[in-house]
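Morning, everyone. Have a look at it first.

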Amino acid sequence: MKTLMKKGMDGIDRQLMRFAGTIAEKNTAASEVLGFAECVYQEMRSLGYDRVDRDKAGNIIGTVKGYQSKNDMVLITHMDLPHSKEAGTAQKNDLVAYKAGIISGIYSAAILKRTLAPLTGDLVVCCVPRSESCDHGIKYLFENYLKKRLSRIRGVVLCEPTDLNVYLGHKGRMEYEIVVRGRLNRDFLVNRGINMLGTMFPLVNELEKVSRELPSDYSLGRSNLRIKDVRYSGYQPQEEVSEFKVVVDRVFIPEETSSSILTKAKTIAKNVYKGESDLSVSTVLAREMVKTYTGLTVASEKEFKPWAMEGHQPFVKSALEALTENKFLSSLGFWKKIVTEGSYTYGSLNIPTIGFGAGSEDQIESADKTLSETQIKKAACGLALIVERHIGMPAFGWSADEI
Amino acid sequence: MTLVIDPGSKEIKVWQVQRTKCGLVSTLTKEPADTALDKAACQKLVRRAAGKKKIDQAAFRILFGGDLFGGPAQVDDKFFGKFSRLTEFFPFYVPQVLETLKLFRAALKGVPLTAFFETSFFLGLPDEEKYYALPYEYHAGTRIKKWGFHGILHQAHANMFGPKEKVVSVVFDKQTTVSAIAGRRPLSISLGYTPLEGIMSRTSSGDLDPGIVFYLMKHEDLSIYALDDLLKNKSGFFGMTGYDLDIAELAKMYGKDPKVNAAFGVYETHILKYIGEALAELGGADAFVLSGSYLGPLMPIVYNLIKKISFLGIDTELAPWQSNETIFRITREGSAVRVYLDRMDTGAAITHLMQH
Amino acid sequence: MRSRKGSGHILVLNCGSSSLKYKIIAMPEEREIVSGEAERVGIKTQGTASVTHTVLGARRVIKADLPDHTAALKQALSMIREDAKEHKDVYFDAFAHRYVHPGRLFSKTTLVTGPVIKKLKETLELAPIHNPISFGLVEFCDEEYKRYPQYVIFDTAFHKTIPDVYASYALPLKLAKKYGLRKVGFHGISHKYVMHEAARSLGRDYKTQKIISCHLGTGGSSVCAIRDGRSINNSMGFTPLEGLMMNTRSGDLDLGVVLYIMFKENISPENAEEILNKKSGVLGVFNRSSDLRDAIGAMKTDAKADMAFNMYVKRVRSYIGFYSLILKKADILIFTDSLGAGVPVVRERICHNLESLGIAIDKDKNNSYAKGTADISLPDSGTRILVVPTDEEIMIAREAHKEMT
């Protein structure tokens, strides 16, 4: 099988390197993202995908049609869109992780198409926009374009860095706000000035204490709490009502849910301000009005659910076997640092999901952001093998050499 | 002049076959199929193979026709749709060949094209030979049965004899197959649904105790894909000897290397098993025909085999057996059972079948 | 021990999956003193278990609760003790067990000792139905009747002499060596017995004969090629799944089919093995019964029955053809066990049109065969075709007796 995949790759590896070079130079800063998306779209078309579509949220979807229509496989790659407030932080000349995912994802389908291996269902390769803490892209994709296919999807493979292992999940990440409203200037040291700070400090202190006692999960790691920001309005002490918000960036594990975290945060805050009858406390999941590069405005909650598949699940087992039987030294693992669209596909929709790709999540933050083209090509072959194992048509007994 | 094309996945063979006073003469042109064939390359290949001669007709050697092709078929527009329905049975072969056939069809405009299948002849097997002793739902649901192989040569051999004669036909090729033929119809064939039933080959185990499959899956923790790979790519001569060599090369080591001898011993045993089966089915044989592209290189093994079954009434000329004829008898006049060697290649065999 | 030197009464134990056959045989005369069969052992459905017990010709049937084979043996032994009070001949000096599959660990009749029991324990999974049953009885006898020697006689031992060229599979060398993947063969006790019987009845020295022996039973079936008194090939292989089509076993089949079915139906190896072992063969093709005799009864009107019979016959003929080639025509062709000895049409169809191999059956003699060892071939048949009822228990007793003296 592996030789078949390599054969499929050999014919297009020059094209892959050209594409890699092109995409490395592009970035997804607001002014350039349209060009980036267009580049991806055109590449899929030139590789002979049976259909290439774009939807209103900016998802780019390429389909390789199967010989039959039984079960589909979906590959998810993503485009990291920097937050509009940040200047387009330099991603130029880098084959950063998400770009490597896009290349290997797109080319895995091209390899399969070239080997003429018939599939029992469609292979759908999606390039999904993701801005920092929002998964608006993937949600829109599954609620619209892929809605009709939902019952037919055999599984999802996330083209994310896994060092060519099969990754089964990661911690969740959410952003929430604790809003404290009320007359904050009474009974505080009015003449001292900075009342807001004084009021706020006990809460912050308490949160710091809590952050040191968070639970941890054996496979996924430790939960984390980080105060991202503090904002207040109504600064003038003379005003009747003012409010401040503490914005918390929370990394959490499956035993905690976002609603339980919000409830707990509210309880903590209420405890801190026990005596203050004039203060009201509320917690809310942060939301962002995301304006996609295609002009659509979507309200997106800032939450990526934690998720974890298990090694004995058939989808995982078959994927790992497909790799190890073809000389990949893959093993099972989990991401420790990043979040992925798996939070939605498995966390919310319960579609079997795994991750496979070149490079490691550590590289995203390290100085050396480049990934070797060999690794990307290997990842493309590995993805093709995983897809083939699940929706390919096997031929037992006959060896291509022997006929 | 007839052009016969074998659109293999590793290499494309094209025979140019002419009828001369001495019979059919074929010239072979080969082209590796690694790089995807395109329109121009295909046309170039056709021109190279045909030389300057006019192509009267062309034929394709297709390995599998499944249930859908019981005989040769016109390669017209309807053909492609029908052939692609076999994808589910032969997914590693049908898609590639479809593309190649379309290219050749374009390059051979105006030339009548016929497809010949290596399995067609065996659609005529008796039911008790064709089906396996599995629960009834597996026949009905999956249409699993013996497809057989090398039908083209076996059928050509059948046509060499009269309607009342009983023939054992053996083809020595990358696969080795034995067929019992009576009244020009097949009664048995060694290769089954896949080469995992039948005579061992370079990398395939051939006949094996089904219990071993389950034993190995359990003890070596193998998936069906890994076991399939083991049995079809890592067994056979390669598995038994450790030498990754062509059978023709291994034949040169016959008699000199104990592992090679052991492998050929099992190979011979497999062949004897199917000749025995053929003899029981036929109630005795009038003639044997031995053929295939490996007949020459395997001559020492073939010689041993004939010696082993000579008690059936086979009285051969002194070896080595040589002749200028394509098909010639190696037994003496008066031998109870006649034995023929047939050096006809696929191109000539198909051309021969086209004439009947 | 009450026997004179060189003689002994051997209690032979022959287990089926739900039966226990036992005999006390006086050796060396080979006289049957006691014979019995416990039926429906361990079966929880309709009908109670029972033991049919015959002592010196007198037969009685006792119904008893037999939850397992050890209980069956205890029942048999208690009945023997009862009879011993009235008949001085009813006693035994030793146990002899039939043991189906010892793998590579044993290759001949063995006296049971502590180390032997330990080794036998490692063989249980090789024949997951039969081995544990036999092993259970061996353990029981070792604990409760320690002063009696016990012998294990293996169904595979006779085939130890199959040469490599017929026993090897074309598998990777290392793997084959690691697991001893080669043809082991079964029904050795029966094939050996009928070999001796056939030669004796023809007045020939068994060591000079080329024999094809067909053990065709309503359970398993196998064909054996014998030369110079030794087995040189057997249709069963590393497991009893290879070879002929049987009552519920598929016999030879294309492994690509097995793999494809496992893929398509998403079946585990255990389930697939169960399908090939318990749901295929005659049962799989005929669909109504696993007994070929039932198919034969329905052949004229039921297409599936006809197909089952034709497939069964064809496969036996193929092996006869194969073994005729390696023996260069057989001197004797033997039919034994319930189908081989019991059903004339099976023999007739198998032997049809095999004159070229020297096999010419006499239809009248075949149809009128009633019992005992008989020659059913035409006078000018090069091969003598014999019907020989098998008697594994006598063979087992002979083997044990040989070891005792």
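**Where chains C and B meet**

We start with a contact: chain C puts in 60 residues and chain B puts in 55 residues. Contact here means that the C-beta atoms of two residues, placed from the backbone, lie within 7 Å. On the chain C side, the elements that give two or more residues are helix H4 (164–167), helix H5 (173–179), helix H7 (255–264), helix H8 (269–278), helix H9 (281–286) and H11. Which of these gives the largest share? H11(C) does, with 12 residues. By class, this side of chain C has 33 nonpolar, 16 polar and 11 charged residues. For the classes, Ala, Val, Leu, Ile, Met, Phe, Trp, Tyr, Cys and Pro are nonpolar, Asp, Glu, Lys and Arg are charged, and the others, Gly among them, are polar.

A word on the ground rules. This is a predicted model: local features need pLDDT of at least 70, side-chain atom pairs count only at pLDDT 80 or more, and totals for chains, interfaces and linings use all residues. Residues are numbered from 1 along each chain as its sequence is written, while chains are lettered from A and ligands numbered from 1 in the order in which they are written.

**Chain C as a whole**

Chain C holds 15 helices and 14 strands. Helices (H or I, at least four residues) and strands (E, at least two) are DSSP runs, numbered from the N terminus. The C-alpha atoms of chain C fill a box of roughly 55 × 55 × 45 Å along the principal axes. Is that chain compact or extended? With 405 residues, a compact globule would have a radius of gyration near 22 Å, and chain C agrees, at 21 Å. That radius is taken over C-alpha atoms, and the globule rule is 2.2 Å times the number of residues to the power 0.38.

Of the 405 residues of chain C, 54% are buried. Buried means 20 or more other C-beta atoms within 10 Å of the residue's own; exposed means 12 or fewer, partly exposed is in between, and C-beta atoms are placed from the backbone. Take contacts in chain C between residues at least 6 apart in sequence: 62% join residues at least 24 apart.

Chain C is divided into domain 1 (8–154) and domain 2 (204–392). Those bounds come from an automatic or database domain assignment. The C-alpha centres of the two domains of chain C lie 28 Å apart.

**One residue in H11**

Now zoom in on Leu327(C), in helix H11 (residues 303–327). Why does Leu327(C) count as buried? Because it has 21 C-beta neighbours inside 10 Å. Leaving out residues up to four places away in sequence, Leu327(C) touches Lys210(C), Ile212(C), Ala225(C) and Arg227(C). Lys210(C) is 117 residues away along the chain, yet the two C-alpha atoms are separated by 6.4 Å.

**Chains B and A**

Chain B also has a domain 1 (2–117) and a domain 2 (151–346). Their C-alpha centres are 27 Å apart. Within chain B, 8 residues of domain 1 are in contact with 5 residues of domain 2. Strand E1 (2–7), strand E3 (23–32) and strand E6 (113–117) each give two or more residues to the domain 1 side.

Last, chain A. Chain A has 11 helices and 19 strands. Buried residues make up 48% of its 403 residues. Chain A meets chain B too, with 18 residues from chain A and 28 residues from chain B.
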